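Here are my notes on the two-chain model, point by point. Please read them alongside the coordinates.

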Amino acid sequence: MTTIDNSAEVENTPPVDPNAVTITINGRAVAARKGELIIAAADRANEYIPRFCYHPRMSPVGMCRQCLVEIEGPRGPMMVVSCMTPVADGQVVRTDTPQVKRAHEGILELLLANHPLDCPVCDKGGECPLQDQAFSHGAGESRFVEEKRHYEKPIAISDLVFLDRERCILCDRCTRFADEVAGDPLISFTQRGNNTQVMTFPNEPFASYFSGNTVQICPVGALTAQPYRFKARPWDLEQRESTCTTCSVGCRTVVQSSRDEILRYQGVDSDPVNWGWLCDRGRFNFQSVNSEDRLVSPQVKSGDSFTSASWSDALETVARTMRLATPGSIAILGGARGTNEDAFMWATLADALGVTMRDAQMDDGLPTSIFSYTQATIDSACAGGTVILLAPDLKEELPVLHLRLRDAADKKRIRIIEVSSHESGLTKQAWRSVRAESGTIATALGALLADSEVAAQLASGPVTIVAGRANLAESSAHTMAAVDVAVGVASHAAVLPVLRRGNVRGALSVGLAPQNGKDAAAILEASANGHVECLILLGADPMSDVADADLARRGIAGAKFVVAIDTFLTQSAAHADVVLPAAAYGEKDGTTMNLEGRVTNVVQKITPRGTSRADWMIAAELADLVGHDTGVTTLADVQKLLSSRVPGFGVTTTAVAIKRDGVVVSAGTPVRTPLSATPAPTRNSYEFRLDLSRKLYDRAVGTITSPAIAELSVGASVCIHPLDLERVGAAVGATVRVSNNHSSIVLPVAASAAVPRGTAVVPFNQPGADIRELIRHGESVVDVRIESM
Amino acid sequence: MARLTEENVRLAREIISRYPKPRSATIPLLHLAQEQDGFVTNEAMEHIGELVGATSAEVYGTASFYEMFKFEPVGKYLINICGTMSCALMGAEELMHHAEARLGIHMGGTTPDGLITLERAECQAACTEAPCLQVNYRYRFRVTAENFDTLVDQLQSGALEGEIPAHGTVAAVRQHIPADKAVGAIAPEDVTEGPAWLDGKAAL
């Protein structure tokens with residue numbers, strides 16, 4: 001058997017293609033490439049060959065034998081599995097002979113011999129490859145009269161995925177996905193032989209961030225997802241293709257609903273972006289859209305409590321405040337959770353009101369000058385050369401980007417150089433991975449790049465710098481300085497900014513970027529000092545999201561009037577004077593921009609909850625009420641205005657809507673303001689440098705309002721090196737006091753060798769004691785003492 | 001006893017060093033674990049995963065293929081009676097019935113004192129000596145009801161203590177490759193030349 005790896009051959013097509021071959025499928029000539037599999041060539045030629053185990057995004061295994069075809073051999077026709085056999089020039093393939101038909105029927109009969117015919121109660125029924133292909137390629141009848149095998153059904157192999165072993169046809173898709181794609185081989189074939197079954201290790205669940213994909217690619221109903229079990233039949237579902245905005249990777253999805261309720265997201269294969277994969281957080285947080293806790297009507301504060309108000313009253317209250325406020329005293333925070341159109345209309349309103357205080361980030365990203373470097377795309381980063389990671393753990397923050405880079409490194413297309421303050425999900429794949437204490441990343445990177453072997457690697461091909469905010473307790477200036485170090489060594493490098501909020505790049509591009517260097521922290525500081533008369537929170541929750549909790553509290557408290565536009569009554573919204581209910585994801589049409597600047601559409605699938613409205617509508621109405629009629633009444637009007645006003649957005653929205661892969665927009669290049677990174681103070685040997693980084697599951701509102709994933713957060717803790725733990729004199733799981741000059745909190749302690757000595761890793765926004773009390777904005781790094789109690 | 005002992009970890013590392021890839025040592029290490037505890041414990045599989053760089057699920061997936069790895073405690077002596085063709089023709093079924101009656105357990109069961117586990121096995125490659133059985137994988141040939149009873153008597157009295165080691169013991173003498181005799185593992189991708197016989201360098 002040959003293992004086929006055609007990854008190396010996909011790049012750099014020369015004018016005359018030495019890899020081009022021609023084969024004949026059912027009498028038709030089909031152009032193919034050397035190394036391509038027969039089944040892939042047949043797919044392109046619209047000759048359908050039935051299959052179960054073959055998946056174009058995973059290596060072929062030939063497990064199910066369903067894709068048998070006949071090829072002409074030296075001794076006459078012979079049967080081969082088309083998912084394991086590469087094409088050869090002049091090959092003659094037939095998929096329609098009586099022998100092939102008999103083979104297909106025979107394999108199906110064997111597969112069905114062990115498969116329960118419980119289709120009427122099976123979630124997969126109606127969209128099941130086994131069911132469909134039994135009808136299209138099966139004999140129609142079975143000779144199997146014996147008792148079928150029985151297993152306990154179903155068993156939960158994780159919090160999200162259920163396994164029904166009776167239905168499993170052992171195609172190796174889920175186990176291959178877990179191993180090859182996700183890199184979490186926590187499920188495996190066990191009891192191989194007559195009783196082969198997919199199973200986890202006893203008491204070790206399939207806790208992968210990508211487990212939902214196995215449900216989607218399962219060709220039978222063996223794997224089902226807890227949030228969708230027995231919720232709907234496929235023929236009851238309506239669907240529209242959209243883009244996930246949970247993080248900024250922008251995975252293509254279909255939003256499926258029934259009876260005006262979103263029931264499921266499924267990944268769609270977008271070649272430049274997600275390859276069909278989704279992370280579990282993005283896949284299952286649809287539950288938050290359906291949450292009972294959604295805001296359904298405008299709320300106006302009277303005294304200490306809210307009373308429901310009509311939209312006209314609520315908007316008039318806001319408009320009056322805006323009219324009376326001094327122009328320089330209105331501030332807008334947020335906008336990254338909505339569409340480009342939402343952000344653009346708010347920017348338009350802000351322009352009309354002369355608002356200069358605006359920021360779509362929560363002091364948790366990077367300055368917009370990150371967009372002033374040559375920009376990379378996910379594809380360009382994964383195509384070849386070197387990738388320098390100066391980013392948070394992508395597996396935790398941008399999971400599908402992690403999958404793409406992991407795949408590229410695994411297939412040896414790229415070499416990853418990582419400089420981070422603790423090990424990440426890509427450390428194992430990295431060619432060079434060094435640990436550097438927060439505040440010293442740029443210096444460590446400089447030293448690493450000075451190595452002659454590394455320098456040769458950088459010079460040998462394209463270089464992509466993946467830059468993001470790795471540590472919320474470290475000034476972003478350190479990351480920017482490190483980017484400059486990398487660009488200084490590799491001037492041909494391109495930057496892939498990994499700001500994580502769904503549409504943060506879109507919001508920053510269409511007008512919600514800070515002006516005059518006044519970012520969210522500066523705005524909150526101004527507000528705390530009484531300089532903000534009207535603070536607008538556009539889907540923003542500074543009290544949960546800003547790393548400096550004290551600043552957020554003072555900022556919200558200091559604003560004379562706070563307007564929150566949100567889907568839930570968040571911690572910050574609870575302090576607002578007026579809360580306006582916003583339409584959520586899946587309840588409004590529009591466009592979004594992912595981290596590489598790719599504009600794709602998002603769609604409305606269900607009616608907005610209660611009287612909630614899209615943010616852009618609210619902005620348009622307010623503009624009207626404050627006397628700046630924008631002339632906008634429909635989304636098309638907004639898009640027309642957007643494409644004429646914002647450079648790069650000239651792409652017609654129809655072009656975006658019809659293109660699955662969207663359009664990469666190069667918006668105007670922001671000016672790079674030279675940043676001086678305050679050198680990090682030397683850490684006292686008895687202190688720990690705080691590394692505040694995100695986990696996939698935290699207290700984000702979309703997560704905690706989705707019951708399936710709400711409980712998956714790891715909880716607040718502090719993780720240090722095992723030897724440091726010994727030095728502190730505490731046992732794993734014991735509580736320790738974490739303190740600095742600002743505050744002191746008590747956290748359970750964990751130990752991991754993935755954390756270097758002298759560093760303390762604390763996950764951000766987890767249930768438990770809040771580490772943010774120890775953080776003050778503007779400090780270069782944060783050092784803490786850890787004492788056993 | 002659960003994870004590998006310190007001594008066995010040392011041995012495990014030596015075994016791992018014999019292979020180009022650590023994972024290749026999975027099965028020898030499973031034998032080591034079974035030798036240590038009489039069966040393969042979950043903790044040992046986790047430990048082996050750590051040692052060879054695999055997840056516990058992968059180790060379990062590999063181990064569970066093999067009938068001879070036990071995941072639950074078995075008796076001190078595991079008696080496998082062959083039931084394949086030659087032995088069946090020579091009275092293996094009757095022998096099994098006798099064994100069940102004598103020990104008061106069914107096939108797959110263990111005596112209450114934890115001394116003997118009885119199992120039916122497939123061909124043990126001793127057809128000329130049928131019917132045959134193995135006690136902890138040590139052969140007994142041409143077994144009759146009478147000499148089965150004698151065997152059980154001896155096992156119960158401890159008369160075979162020295163001859164038949166406890167379940168899981170693979171070899172009486174541990175394989176040990178002295179450092180100066182070890183060839184050293186070469187990873188397949190580091191092999192630059194073909195084998196000598198292929199290049200015609202060495203006379204066959």
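1. Helices (H or I, at least four residues) and strands (E, at least two) are DSSP runs, numbered from the N terminus. Chain B has eight helices and four strands. Along the sequence they follow the pattern α-α-α-α-β-α-α-β-β-β-α-α.

2. On conventions: residues are numbered from 1 along each chain as its sequence is written, and chains are lettered from A and ligands numbered from 1 in the order in which they are written. The model is predicted, so local features need pLDDT of at least 70 and side-chain atom pairs count only at pLDDT 80 or more, while totals for chains, interfaces and linings use all residues.

3. Chain B overall. The C-alpha trace spans about 60 × 45 × 30 Å along its principal axes. Of the 204 residues in chain B, 33% are buried (20 or more other C-beta atoms within 10 Å of the residue's own; exposed means 12 or fewer, partly exposed in between; C-beta atoms are placed from the backbone). Contacts are pairs with C-beta atoms, placed from the backbone, within 7 Å. Among the contacts in chain B with a separation of 6 or more, 64% join residues 24 or more positions apart.

4. Helix α6 of chain B (residues 92–103). Its 12 residues should span 16 Å at 1.5 Å a residue, and the end C-alpha atoms are 16 Å apart, which agrees (expected span: 1.5 Å times one less than the number of residues). B:Ala92, B:Leu95, B:Met96, B:Ala99 and B:Leu103 are buried. These fall within an arc of 100 degrees seen down the axis, so they line one face of α6(B); the arc is that of the directions from the helix axis to the C-beta atoms. Their cover includes β1 (77–82), α5 (85–89), β2 (116–121) and α7 (145–157) of chain B. Just after α6(B), B:Gly104 takes a positive phi of about 70 degrees.

5. The open sheet of chain A. Five strands run in the order β20-β19-β18-β21-β22, with parallel pairing (two strands pair if DSSP finds at least two bridges between them). β20 (432–435) and β22 of chain A stand at the edges with a single partner strand each, so one side of each has no neighbour in the sheet. The twist averages 15 degrees from one strand to the next. Angles run from 0 to 180 degrees between N-to-C directions, and axes are lines fitted to C-alpha atoms, for helices over the stretch in contact.

6. The β20 side. Strand β19 (residues 414–420) of chain A joins β20(A) through four bridges, in parallel. A:Val419 stands opposite A:Val434 in β20(A). Helix α12 (residues 441–449) of chain A packs on the sheet and touches β18, β19 and β20 of chain A. The direction of α12(A) makes about 140 degrees with that of β19(A).

7. Where does β21(A) sit, and what covers its faces? Five of the five residues of β21(A) (residues 463–467) are buried, so the strand is largely enclosed by the rest of the structure. A:Val463, A:Ile465 and A:Ala467 are buried on one side, A:Thr464 and A:Val466 on the other. Strand β18 (residues 385–390) of chain A pairs with β21(A) in the parallel sense over five bridges, and A:Thr386 has A:Val463 as its bridge partner. β21(A) also pairs with β22 (residues 494–497) of chain A, parallel, over four bridges.

Key
Two residues are in contact if their C-beta atoms, placed from the backbone, lie within 7 Å.
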